[in-house]
Amino acid sequence: SMVQLARYLSWSEKYEEAITYFKKVLAVQPDHAEAKVGLATVYSWQKKYKESIKLYQEVLSKYPDSVDAMAGLARVQSWAGDYKMSVQTFQKTLQLVPDSRDALLGLGRVYSWNKEYKKSEEAYKKVLEKNPKDIEILKGLANTYKWSEQYTKGIHTELKILDIEPNNVDSMLSIGYMYGELGAI
């Protein structure tokens, strides 16, 4: 119950309280994987990447097939700028769960940040095959198109988002930007 409380606190951005509860659990059960993953997640949100990576690696040393720890580690590696390691870790995750939304989302982002736009597009499209209305994936794909200067595809993708969420201001602004880049002021 303390782990669950700590999760709720972290989701409410009450990080210090969440950390306190995760640490209480770990004081009693030092190898509690869920508490370590939760604490690692909170540390990552606080940009304490070194601490977060250490905890994820501890969990993976004991539970090498922990998809949550593996995907969390890959995310933190990407946020810390270690794209190569992040891609490797996301790919390991996909070996365990071939259609992992989190791993494909992460790969899409990392590839896009690393200017590997075709690979980014492929990762996002794998998720969209099963869930074509996934806003977060559509937004990632739209950004990939925008950053790779494929503005027509980007506008088309943003319009899909607006079909689902007609009041999505980010998509409206993005469309305006891309029309501007196309010279359609």
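**Helix H1.** I began with contacts, and found that the buried residues of H1 pack against helix H2 (15-28) and helix H3 (33-45); I keep in mind that this is a predicted model. Looking up which residues these are, I noted Val3, Ala6, Leu9 and Ser10 as the buried ones in H1, which spans residues 2-11. Seen down the axis of H1, they fall within an arc of 120°, so they line one face of the helix. After H1 I came to Glu13, which has a positive phi, near 65°.

**The largest pocket.** I then turned to the largest pocket, whose volume is about 440 Å³, and listed 21 lining residues, with Arg7, Val37, Gly38, Thr41 and Asp68 lying nearest its centre. H1, H3 and helix H5 (67-79) each supply at least two residues of this lining, and H3 gives the most, with eight.

**Aromatic pairs.** My count of aromatic pairs came to four. Tyr15 is partly exposed at 22% relative accessibility, and Trp45 is partly exposed at 34%.

I also looked up Tyr151 and Tyr177, whose ring centres are 6.5 Å apart with planes at 80°, so that pair is edge-to-face. It links Tyr151 in helix H10 (residues 151-164) with Tyr177 in helix H11 (residues 169-181), 26 residues apart. Tyr151 is buried, at 10% relative accessible area, whereas Tyr177 is partly exposed, at 41%.

Definitions and conventions
Residues numbered from 1 in each chain as written. Predicted model: local features only at pLDDT ≥ 70, side-chain atom pairs only at ≥ 80, totals over all residues. Heavy atoms only, no water. Buried < 20%, exposed > 50% of the residue type's maximum accessible area, 1.4 Å probe, protein only. Helix = DSSP H or I, 4+ residues; strand = E, 2+ residues; numbered from the N terminus. Arc of directions from axis to C-beta. Contact = heavy atoms within 4.5 Å. 1 Å grid on protein atoms, 1.4 Å probe; cavity = no way out; pocket = protein on both sides within 12 Å on 5 of 7 lines; lining within 4 Å. Points joined across faces, edges and corners; volume = space filled by probe spheres on them. Phe/Tyr/Trp six-rings, centres within 6.5 Å; stacked < 30°, edge-to-face > 60°.
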